[in-house]
Number of protein chains: 2
Amino acid sequence: MKTSRRAELLALSAKLFAERGYVSTTVRDIADAAGILSGSLYHHFDSKESIADEIITGFLDELFGTYGEIVAAGHGPRETLEAVVAASFDSIHRRPAEVAIYQNEAKHLMQLPRFGYLNQRNAEFRKLWNTILTDGVRDGVFRADLDVELVYRFIRDTVWVAVRWYNPDGTLSASDVAKQYLGILLDGIAKR
Amino acid sequence: MKTSRRAELLALSAKLFAERGYVSTTVRDIADAAGILSGSLYHHFDSKESIADEIITGFLDELFGTYGEIVAAGHGPRETLEAVVAASFDSIHRRPAEVAIYQNEAKHLMQLPRFGYLNQRNAEFRKLWNTILTDGVRDGVFRADLDVELVYRFIRDTVWVAVRWYNPDGTLSASDVAKQYLGILLDGIAKR
DNA sequence: TCTGCTCCCTAGCAAGTGCTTGGTAGGGTA
DNA sequence: TACCCTACCAAGCACTTGCTAGGGAGCAGA
């Protein structure tokens, strides 16, 4: 019970935003789920936008903190790739609502000045992956005929889109999924 | 100019639904884009829902028609997989708006009774891929240690999510993308 | 010329949207 | 006792939503 009311409301909003979408979730929906009236929400938050903002910012700060640690560890391209993929699936496991919001709403929210930082984050993302992949090609651990930009998109999309079907309470753990996925990504599905 | 007014309005609506999302696109937005008033839309269509319905139904009928032809050709698992992937990227090329709508809105629309057929289509999809993959494992063309259900999800998601960045007018053609993707999927990105 | 059809307009309604306002109950602090 | 804080309520405002009712202009066939 040490969680502040504010944090409760944020978690609750994130769940609703993830399930119904940002625009389809009304402030009354959120208030109903919290057992209060819609107007009372505005004691805690400035606007519906600022609720979404706080959810996304908190999530991205945590995620990029983890990525930063991985890169700082200074392992080889293949190990770094594996760690980043594993960390991403882990974040899907721990923050499914936040990932879903980022996946589904980022494109539209990015157009608002307030969410301009999403563009920066995307750029960071792209740079991270491009570095891993080009380093890997240079070191000869990844195939030389790769279209790095294309591979980056495929990895990025495939990892995050898993939030649509991944079940945090299911039998398949995040690391199981990461292992299977890395198996396909690195070695393919065709028999040697 | 032989295209009926109805077809024009459908194409126009599809574009807007894809860009802004179904809920965020208002009937006034559609009417404005068509150069008429919102009320006039209801001469052509019963409701906003029926516009989306017609768009999605038309697209899925065409898509599954193509899939049916591929399966009917009776090639091996690997050739069938390649053809299905190529056909999917081709549909992204030819009907980007429809694919985007299906990707972004299906989850929410499926909850409406009217769009119950989306569940059936998903089941058809799953069966198609499961057959291809299990046949391939049985025939020894795909690795025996694959989690078929997981691979199905990865392929499905990765193919369709490409609609987010694929540019029909760009230098990269749909078959280029399909080739690159099949290269990764079948043989992986790691150097042998 | 009459009739019917297509396509659109004018004008609006009921429901719902995010958000604001003035206020209250209960508690802590000096 | 005086003051401030947190957390909420009741009521409603300005606006947007999908959709409707009724009508009119242009054209085609009889």
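Two residues are in contact if their C-beta atoms, placed from the backbone, lie within 7 Å; the legends below describe a predicted model.

**View 1. The contact between chain A and chain B.** In this predicted model, 28 residues of chain A are in contact with 28 residues of chain B. On the side of chain A that touches chain B, the elements that give two or more residues are α8 (148-161) and α9 (174-187) of chain A, and α8(A) gives the most, with seven residues. Sorted by class, this side of chain A has 15 nonpolar, seven polar and six charged residues.

**View 2. The relation between the two copies.** Chain A is superposed on chain B, with an RMSD of 0.0 Å, by a rotation of 180° with 0.0 Å of shift along its axis, and the two copies are therefore related as by a two-fold rotation axis. In chain A, the C-alpha nearest this axis belongs to Gly188(A) and lies 1.9 Å from it. The same surface serves both copies, in that 100% of the contact residues of chain A recur in chain B.

**View 3. The protein surface near DNA strand C.** There are 15 residues around DNA strand C, and those that come nearest are Thr26(A), Gly39(A) and Ser47(A), together with Ile36(B) and Gly39(B). The elements that give two or more residues to this surface are α2 (27-34) and α4 (48-73), both of chain A. By class, the surface near DNA strand C has seven polar residues, alongside four nonpolar and four charged residues.

Technical notes. Residues numbered from 1 in each chain as written. Chains lettered and ligands numbered in written order. Predicted model: local features only at pLDDT ≥ 70, side-chain atom pairs only at ≥ 80, totals over all residues. Near = placed C-beta within 6 Å. Helix = DSSP H or I, 4+ residues; strand = E, 2+ residues; numbered from the N terminus. Nonpolar A, V, L, I, M, F, W, Y, C, P; charged D, E, K, R; others polar. Least-squares fit on C-alpha atoms with pLDDT ≥ 70 in both.
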